[in-house]
Amino acid sequence: MSVSGLIASPSRCCLRLSDCNQGLVCRQVPSIPIASKPKAKFGKLHLERLTVSFRRWKMQKTHLIKCAMDASYGDMASESGAAMFPRINVRDPYKRLGISREASEDEIQAARNFLISKYGGHKPSVDAIEAAHDKIIMQKFYERKNPKIDIKKKVREVKQSRVVQAVTSRFQTPATKFIVKTSIAFIVLGVLTVLFPTEEGPTLQVAISLIATFYFIHDRLKSKIRTLLYGAGAFIFSWLLGTFLMVSVIPPIPILKGPRSFEVLTSLITYVLLWVSSTYLK
């Protein structure tokens, strides 16, 4: 509502007001005399009353419009009756759909279908679910196109393999005192082998390492048969593996020189494997 015009006459004045429902309305009010001061004050009082009435009418109309809008939105909400997705504002698409990052495409599609069927009546919820689903699918497609090695996943797969589990099941961790005792014994043998190499090779040190292996295995298992089998098998396997590593894998080390450097390095590798067998073999 706005003031369109003011038409005055000697006896009356017409105030034209625009109304949204009735168009242009002309309301007549007594004219404002100007000749004498008392009449001027009386006309001013009427104008002030008209202004207050106009403001009050405008406030009532604004209130009615607001109430009508609230009622309209209330009717829309009651007609839909759909529940809103509680994770609609979660930014992580995996958390929004409630799945893990290792989920397969079937699991992703199943989560999307379940949420759509539950919150399908609420359009913002549907848009949020679809956006999260599309983002995850595009990310999976990019990972397939540009694969990268996941070290943690590879290590987990190796640990879960049957061969590794079968091997690790044959070992156990003993007391710390026993680990220290076996470590000192084989370290001393290694130092003697490096410092005092002979022309015949470290035959004496290797024999002592075999005896130490029998002793430590029997000290843990308390079984002569298992001690003989484990000790002999560990010695043969360690010596063969040490020879293979020195011939095919490990290059010559310049620090160890001499005609028996090959035997010395093979003996050191054998000591390490014998220490593992005599300390951790179950």
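Buried here means under 20% relative accessible area, exposed means over 50%, and partly exposed is anything in between (1.4 Å probe, protein chains only). The model is a predicted one, so local features need pLDDT of at least 70 and side-chain atom pairs count only at pLDDT 80 or more, while totals for chains, interfaces and linings use all residues. Residues are numbered from 1 along each chain as its sequence is written, and side-chain values use heavy atoms, with hydrogens and water left out.

Salt bridges come up first; one is a side-chain nitrogen of Lys or Arg within 4 Å of a carboxyl oxygen of Asp or Glu. By that rule there are six. Aspartate 219 pairs with lysine 222, with the closest N and O atoms 3.4 Å apart. Aspartate 219 is partly exposed, at 24% relative accessible area, and lysine 222 is exposed, at 60%. Through shared partners, Lys181, Asp219 and Lys222 end up in one network.

Another salt bridge brings together glutamate 130 and arginine 112 (2.4 Å, N to O). Glutamate 130 sits in helix H4 and arginine 112 in helix H3, so the pair ties together parts 18 residues apart in sequence. (Helices are DSSP runs of H or I with at least four residues, strands are runs of E with at least two, and both are numbered from the N terminus.) Lysine 123 and aspartate 127 also form a salt bridge, at 3.1 Å between the closest N and O atoms; both belong to helix H4, four residues apart, or about one turn of the helix.

Next comes the inside. A nonpolar core is a set of buried Ala, Val, Leu, Ile, Met, Phe, Trp, Tyr and Cys residues joined through side-chain atoms within 4.5 Å. The largest has 16 residues, and Phe85, Leu97, Ile99, Leu115, Ile129 and Ile136 have the most contacts inside it. Helices H2 (93-97), H3 (105-119) and H4 (123-145) each give two or more residues to this core. A second, separate core has nine residues, including Phe186, Leu189, Ala234 and Tyr271.

What about the stretches annotated as "transmembrane region"? The unreviewed UniProt entry places them at residues 178-196, 202-217, 229-250 and 262-281; positions follow the numbering used here, feature names are shortened, and such annotations may be inferred rather than shown by experiment. Residues 202-217 are 94% helix and 0% strand, with end C-alpha atoms 23 Å apart. For residues 262-281, the figures are 95% helix, 0% strand and 28 Å.
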